[in-house]
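Please examine the sequence and the structure before reading each solution.

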Amino acid sequence: MYKPIKQLGNINSAFSMVKSVAIVTCIGAFMMTVLIYFLHRYEVHKINQQVYIMAHDQVFQAIASNRDAQLQVEAKNHVRMFHHYFFSFSPDEEYIHKQMKRAFYLADQSAKKAYDNLQEKGFYNQVLAGNVSQEIEMDSLKLEMDSHPYHFTYYGKQKIVRTTSEVLRLLVTQGKLRAVNRSENNPHGFLIEHWETINNQDIKVSKR
């Protein structure tokens, strides 16, 4: 009777061991499944945050983010691009028209009014007749984001190249930024309002 009892005990021990191993294996498999599930969700979320943009036959990666996180960056770039379009030109009537058309998409009637005033004074005719080209570079931008619409003050320098001279001119403007819907012509979703020039004086004039 002793030997069968011993064998039965061994069988019970082996069964308990197998049972324990099975339980541990199941728990491990369950934990592994949960881990894989959350890793998969993280990777999917990470992929969804990636945005790919194609330009000039090249693919660039951008990171999607909350608009509030990029609000100030986009606002500054909107103001910078508007001034670039409005103040950068060459003695080419079609090019000037193209630049102004781009600028008008980014601002209200205050920009069109400034353009009309220059047009009435014969400014653009002088540009064409004198083969004048102009570039602008932003020095700094003061942007107040406390209340909407956002007030800004732009500081930059104009480089005006004429046939016989080169002029460096200070430019300070101010206005407000109102949030609007994005579009192909207005990718940042802002509109400049009540725009005006508050300082525009020569800094340096040199002969060529």
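**Exercise 1.** With which residue does lysine 157 form a salt bridge, and how far apart are the closest N and O atoms?

*Solution.* The model is predicted, so local features need pLDDT of at least 70 and side-chain atom pairs count only at pLDDT 80 or more, while totals for chains, interfaces and linings use all residues. Residues are numbered from 1 along each chain as its sequence is written, and side-chain values use heavy atoms, with hydrogens and water left out.

Step 1. A salt bridge requires a side-chain nitrogen of Lys or Arg within 4 Å of a carboxyl oxygen of Asp or Glu.
Step 2. The partner of lysine 157 is aspartate 139, with the closest N and O atoms 2.6 Å apart.
Step 3. Lysine 157 belongs to strand S4 and aspartate 139 to strand S3, so the pair ties together parts that are 18 residues apart in sequence. Helices (H or I, at least four residues) and strands (E, at least two) are DSSP runs, numbered from the N terminus.
Step 4. Buried means under 20% relative accessible area, exposed over 50%, and partly exposed in between (1.4 Å probe, protein chains only). Lysine 157 is partly exposed at 30%, and aspartate 139 is partly exposed at 42%.

**Exercise 2.** Describe the sheet that contains strands S3 and S4.

*Solution.* 
Step 1. The open sheet has 4 strands in the order S3-S4-S5-S6, with antiparallel pairing. Two strands pair if DSSP finds at least two bridges between them.
Step 2. Strands S3 (133–144) and S6 (190–207) are the edge strands, each pairing on one side only.
Step 3. S3 and S4 (residues 150–161) are joined by 11 bridges, and a hairpin connects S3 to S4 through 5 residues.

**Exercise 3.** Is glutamine 158 buried or exposed, and which side chain does its own side chain contact?

*Solution.* 
Step 1. Glutamine 158 is located in strand S4.
Step 2. Glutamine 158 counts as buried because its relative accessibility is 3%.
Step 3. Its side chain makes a polar contact of 2.6 Å with the side chain of asparagine 200. Such a contact is a pair of N or O atoms within 3.5 Å; within protein, one must be able to donate a hydrogen and the other to accept it, and residues adjacent in sequence count only if both atoms are side-chain atoms.

**Exercise 4.** How many salt bridges does a search of the whole structure find, and which residue pairs with arginine 182?

*Solution.* 
Step 1. The search finds 5 salt bridges.
Step 2. Arginine 182 pairs with glutamate 74, the closest N and O atoms being 2.8 Å apart.
Step 3. This pair links distant parts of the chain, 108 residues apart: arginine 182 lies in the loop between strand S5 (165–179) and S6, and glutamate 74 in helix H2 (residues 67–87).
Step 4. Arginine 182 is partly exposed at 43% relative accessibility, whereas glutamate 74 is buried at 14%.

**Exercise 5.** Why are aspartate 116 and lysine 112 separated by about one helical turn?

*Solution.* 
Step 1. The side chains of aspartate 116 and lysine 112 meet in a salt bridge of 2.9 Å, N to O.
Step 2. The separation is about one helical turn because the two residues are 4 residues apart in helix H4 (residues 109–120).
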